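Please view the structure first and then read on.

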Amino acid sequence: MSLIHRPDAVIIAAVNDRALRQLVDSLASAVIAANRDDLRTVEDRLGALRGDQWLHFDDLSRQYNLYTPSPLSQITVWPAEVLQVTEPTVAIAASVSRDGHVRERALAWLGCLRGPAPAAAVAVRVNDWVRPVALAARRLVSRFDAADELAAVIAVMLRLTHRRRGGAWAQVYLDEIAAGPQDQLLALTSVGERAVRLWALEAAADREQLAADALLDRALADPDPVLAVWSAQRLLSAEQPGTCAWSARLVTSRRAAVRALAWSALPEEALGREQLAARLLDPSGAVRSVARWCWTRLWGTPADQYRQALATSTRPSILAAALDGLRECAAENTDADAQAFLTHPSPRVRTTAVRILGHRAAHQQGPIEPLLPLLADPSNRVVRTATRYLQERAGEVPVTVLTTLEADPDPRSRRTALSLHQRLGPWERVRSDLRAMHDPDQDLARTARTDLLAWLQHDACRTYSRPTQDQASDIAQNLTTVALTEHQRREVAFVAGLHR
């Protein structure tokens with residue numbers, strides 16, 4: 001599914017609802033107070049909204065939520081003189097009013113203003129449920145012809161194409177812009193949100209207005225990775241079979257996805273052994289994956305190349321890439337290679353080695369003993385990785401290891417012990433959480449309390465066992481001294497079978 005043709009429900013799900021509600025609050029406050037600085041600040045925030053956010057903002061402006069009316073509902077009267085001031089924010093607020101007459105009057109003012117925010121506000125009304133308002137918006141929207149205004153309008157129109165009321169007209173508008181002046185369309189390829197730029201690129205490409213050199217520049221250096229990949233795909237699709245004019249240039253892109261595309265498009269005769277061997281150790285996993293596929297197709301497994309890199313290189317990035325590549329192409333025979341790097345000075349290399357051994361250990365295909373010392377590693381990244389895999393076999397972690405971690409003065413070690421205890425069954429989880437709630441480290445105590453309350457809300461109803469005598473005694477003792485409400489204490493005691 002195209003990035004710019006997704007249904008509104010999918011797009012709006014990703015919108016920060018809280019931020020839009022705060023914007024509605026700010027808009028209402030600025031209009032009521034009529035403070036010019038506040039009005040300008042809100043206008044800037046409105047101008048930065050994406051097309052999907054404009055539509056959601058429009059909905060929130062009238063129905064804040066199920067139980068609370070919109071703050072804009074406090075504005076019950078919009079006298080004619082208010083709409084004669086030169087503040088776009090006031091007109092935008094009026095354009096989202098529940099009163100259709102107010103929205104229609106607001107459009108007459110917005111049509112005389114310029115800027116992305118007024119342009120988008122008019123575009124939203126194209127989908128208005130009151131026909132005179134929608135018709136007025138459709139007449140006015142063509143007045144906005146500056147690049148930033150067009151980008152704001154198109155961003156809304158792209159989403160309206162999926163709406164029942166304004167969808168057909170929005171598509172007509174987009175078709176007119178796509179068939180319009182070449183300079184205008186090319187300007188839109190560099191203005192506005194990603195969906196607008198991508199739409200403009202596709203429209204310009206359909207009209208054969210994109211020069212190959214311009215596409216190459218975008219593929220090599222466009223700051224937006226999606227547009228860089230799109231440009232690379234367009235170039236590669238036009239490349240003559242058997243040639244590598246563009247793919248040979250694209251392999252130098254700073255975008256990993258572009259390099260991966262280019263390598264996969266190169267013909268076999270252009271794939272030099274030394275050049276491809278270097279790509280087996282590329283910083284990007286995507287490029288390494290394509291290089292492995294090409295190498296395997298031409299010369300068989302690249303395991304020897306990876307082992308040679310492990311034996312000769314000292315760079316952490318190369319060693320980590322070699323270990324990852326070896327795991328991909330020789331998974332059953334990498335344990336010894338990974339164990340040799342568990343004590344490497346680089347946390348990146350140790351993390352990669354732990355990931356290899358941990359993945360096999362978590363699937364009962366390898367021992368957990370090599371991972372145990374890493375629970376106290378100086379690197380947080382290494383500890384987190386080792387803990388994640390050992391949680392799958394927490395019951396096999398020696399008690400002495402857990403005891404040592406619990407007694408460590410470093411809160412990180414105590415947190416690691418808690419995360420392993422939480423995987424030892426429901427009552428060990430409850431007991432460990434209650435103990436940790438007394439920890440002097442406040443972050444750890446809060447983490448334990450949050451986990452206990454999560455168990456109480458979601459998992460307690462599915463806990464059918466009873467704690468052992470030691471566990472019950474420990475739980476009963478700690479329940480009286482932790483920061484829980486009386487109701488929460490009674491719930492824990494009830495599920496545990498304790499008499500309180």
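The charged end of Arg 388 sits over the ring of Tyr 389, at 4.9 Å from the ring centre. A charge counts as sitting over a ring if NZ of Lys or CZ of Arg is within 6 Å of the ring centre and within 35 degrees of the ring normal. Arg 273 has its charged end over the ring of Trp 299, 5.1 Å from the centre.

The model is predicted, so local features need pLDDT of at least 70 and side-chain atom pairs count only at pLDDT 80 or more, while totals for chains, interfaces and linings use all residues. Residues are numbered from 1 along each chain as its sequence is written, and side-chain values use heavy atoms, with hydrogens and water left out.

**Aromatic pairs**

A pair of aromatic rings is described by the distance of the centres and the angle of the planes. Rings of Phe, Tyr and Trp (its six-membered ring) pair if their centres lie within 6.5 Å; planes under 30 degrees apart count as stacked, over 60 as edge-to-face and the rest as tilted. How many aromatic pairs does a search of the whole structure find? The search finds four, including the pair of Trp 54 and Phe 57. Their ring centres are 5.8 Å apart and the planes stand at 90°, so this pair is edge-to-face. Both residues lie in helix H4 (residues 51-62), three residues apart, which is about one turn of the helix. Helices here are DSSP runs of H or I with at least four residues, numbered from the N terminus. An α-helix has 3.6 residues a turn, so residues three or four places apart point the same way. Trp 54 and Phe 57 are both buried, where buried means under 20% relative accessible area, exposed over 50%, and partly exposed in between (1.4 Å probe, protein chains only).

Trp 427 and Trp 455 have ring centres 5.6 Å apart and planes at 65°, so this pair is edge-to-face. Trp 427 belongs to helix H26 (residues 426-436) and Trp 455 to helix H27 (residues 442-459), so the pair ties together parts that are 28 residues apart in sequence.

The table gives the relative accessibility of some residues.

| Residue | Relative accessibility | Class |
|---|---|---|
| Trp 427 | 3% | buried |
| Trp 455 | 1% | buried |
| Thr 416 | 6% | buried |
| Leu 371 | 0% | buried |
| Cys 112 | 58% | exposed |
| Cys 461 | 56% | exposed |

The structure holds zero disulfides, a disulfide being a pair of cysteine sulfur atoms within 2.5 Å.

Thr 416 lies in helix H25 (residues 411-421). Not counting residues up to four places away in sequence, Thr 416 touches Leu 375, Val 383, Thr 387 and Leu 405; contact means heavy atoms within 4.5 Å.

Leu 371 lies in the loop between helix H22 (347-362) and helix H23 (380-390). Apart from neighbours within four places in sequence, Leu 371 is in contact with Val 354, Leu 357, Gly 358, Ala 361, Ala 386 and Leu 390.

**Helix H9**

Of the 14 residues of H9, 12 are buried, among them Glu 149 and Arg 159.

Terms used:
Helices (H or I, at least four residues) and strands (E, at least two) are DSSP runs, numbered from the N terminus.
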